[in-house]
Amino acid sequence: MERQRKSGPGSAIAAAVLTSLVMGAVVAAEQESMDPGKLLVLTAATEETEGYQRFLRTAKYFNYTVKTLGLGEDWRGGDVARTVGGGQKVRWLKAEMKKHANEEDLIVMFVDSYDVILAGGPVELLRKFRQFDSSLVFSAESFCWPEWSLAEKYPPVAVGNRFLNSGGFIGYASIINRVVQLWKYKDDDDDQLFYTRIYLDPALREKYGITLDHKSKIFQNLNGAIDEVVLKFEPTRVRARNVAYDTLPVIIHGNGPTKLQLNYLGNYIPNVWTYEGGCEVCDQGLLDLSSLADDSYPHVLIGVFIEQPTPFLLQFLQRLLTFDYPYSRLSLFIHNREVYHEQHIQAEWEELRGAFDSIKLVGPEEELSEGEARNMAMALCRQDADCDYYFSIDADVVVVNPEILQILIQENKKVIAPMMSRHGKLWSNFWGALSPDGYYARSEDYVELVQGKRIGVWNVPYISQVYLLRGETLRSELVRQNVFTLDDTDPDMAFCKSVREKGIFLHISNRDEFGRLLSTASFNTSRLHPELWQIMENPLDWQEKYIHEDYSQVLEGEHYTQPCPDVYWFPVFTDQMCDELVEEAENFGQWSGGKHVDTRLAGGYENVPTVDIHMNQIGFEKEWLRFLQEYIAPVTEKLYPGYYTKARAIMNFMVRYRPDEQPFLRPHHDSSTFTINVALNHKGVDYEGGGCRFIRYNCTVESPRKGWSLMHPGRLTHYHEGLPTTSGTRYIMVSFVDP
């Protein structure tokens, strides 16, 4: 028997070399098959819409080679958003593919553009295509469109989407060419039906090697699959993940009624916003206004809308004069629907008229609805070729950034709003999503956008109250005169729907601090000074109007004095707060008689009576207690270390001293842990005399300043008296805190 020959070291080396050569050849072949240079992306578009530009931006990010068919041509493919059509795309593709009929190694992908974003690169795309081992792969969806009767003819599918979608397919150029050469129909015939019939013919399906991407490995159609698709944040970019099939699609298609969901995904994919880099595209395509002379700035028409009783309107009108923008390039339109606010407009009219290039006022006598007024203002810009931008702002918008116009213009968007919200609340001027019936729905990122945890420029379905539009967009795309009154709905909802239907994106920016929104729900104009009651609804605006400008220095350990032991004196109210509070009390008019018998008290008896009005008599007790909590408690804890007040007070009242009524107050203790006593008018101007003497210390505060508060212990140590008022009328506001 022949002895088996042993393999020596040389043969082992030879085998290893041979294996290496074979593997190298395989890798080389695979690399050649994954060569992005042998991939061509074709798309169709007649106009360079924002959706088209978004598609190109994602393609550029991954270095795809893209060719657009039909750009600049008229669309004759029907209203594909509402019915069948799209055949014109096949005609364009038929002509284009003839050029590539003999390029056997060229792979072509055709996708729509307006409602498509790319989420992966060419190498990944080619690798996934090769894995199908088919010549032509169409995207798939869960709806059989446009003829449901064809559903039963589809091959059964155990897992995945069963039906063909023509919004995306990839295959060898020669095969695609042979398929599209079968097109012999009209431009407004349905492209999806054309491809469907080819796929449903078993002979043609086998002939052309056609399959469907049932599990969204390449193509993700969102219609019917919104709940399956979530964002997957990677270190440098963002993917869409299909959780039903655990796939990472390369192409995201917002087909059918899923355009808004695509816009949401497009706020992140592929690199618009990431956790590591934030907004990575925000500085692209900005306009530069820095080198412009004043007379070269874009002309802006500002439309102001006062559609309901609104607090702090006088301050709103004054802020219109603080924009950091050449006023020679600003025009103003005001619609005031409220008779109550005519006084405020009149007060600022001369300054407004002197500042703006032109001004137009439409008052309540015109009886225009809100929608009609908004249509009128927008039409003024649309009809004026020199109107470069239209800036709409409602009276409940508080602008704190004087550069707001420049910032929004520099963003270079067709429509953009500055993100604003009510102080301390999630109520804002945008919606992150819409419900099926077109109303508010909360997007997954809404809270983080409002709270500024994600900063950028966001594509959203609804904006309101304050926004900027290009004048050219009004003249070329939003040409209808009644965009605010098209539907029997809220004017802003009608406007946003009109904009969305034109394929125009509604952007909101939270890149800068722009301001806030006011709450108007509880603004009661039947009161003499209704803004006094806004401390809880609109605390920042209340503070700006009514709290002394030096109050914050008190909390920093400055701007207060100690005229007597443990008696502190500090600024708290503006003159306007003092005046309005006094006027409210006098308007109420039911001053007590300064008698011991007092039916307002639980026991019916006042030991040390004054001529006064309690805050609960004028409906101001709740607001006053909030003032104590927000502004007095912090000072108390600053000046009396170790004591933490609950800022509770049962007795909160305004005292009136007059020589012929009650000029002074006899020595007494207060029923409080500590007392505040705020001077509400000027000594030497409104009255003479007055003051407070602390008897134990023989220390007198004789010259109280208007708007300043005395704070002193109430019981045991600070026995005190009110000194006589010798002329005029003295008003003070008193609270017995922590009784």
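In which sense do E15 and strand E16 (residues 358–362) pair, and over how many bridges? They pair in the parallel sense, over five bridges; here strands (E, at least two residues) and helices (H or I, at least four) are DSSP runs numbered from the N terminus, and two strands pair if DSSP finds at least two bridges between them.

This is a predicted model, in which local features need pLDDT of at least 70 and side-chain atom pairs count only at pLDDT 80 or more, while totals for chains, interfaces and linings use all residues. Residues are numbered from 1 along each chain as its sequence is written, and side-chain values use heavy atoms, with hydrogens and water left out.

Select Leu 332 next, which stands opposite Ile 359 in E16 and is also the bridge partner of Ile 302. The chain passes from E14 through helix H9 (residues 313–319) to E15 in a right-handed β-α-β crossover, meaning that, with the strands pointing away from the viewer, the path from the first strand over the helix to the second runs clockwise. E15, helix H10 (residues 342–355) and E16 likewise make a right-handed β-α-β unit.

Finally, move to the open sheet of three strands, ordered E4-E11-E8 with mixed pairing.
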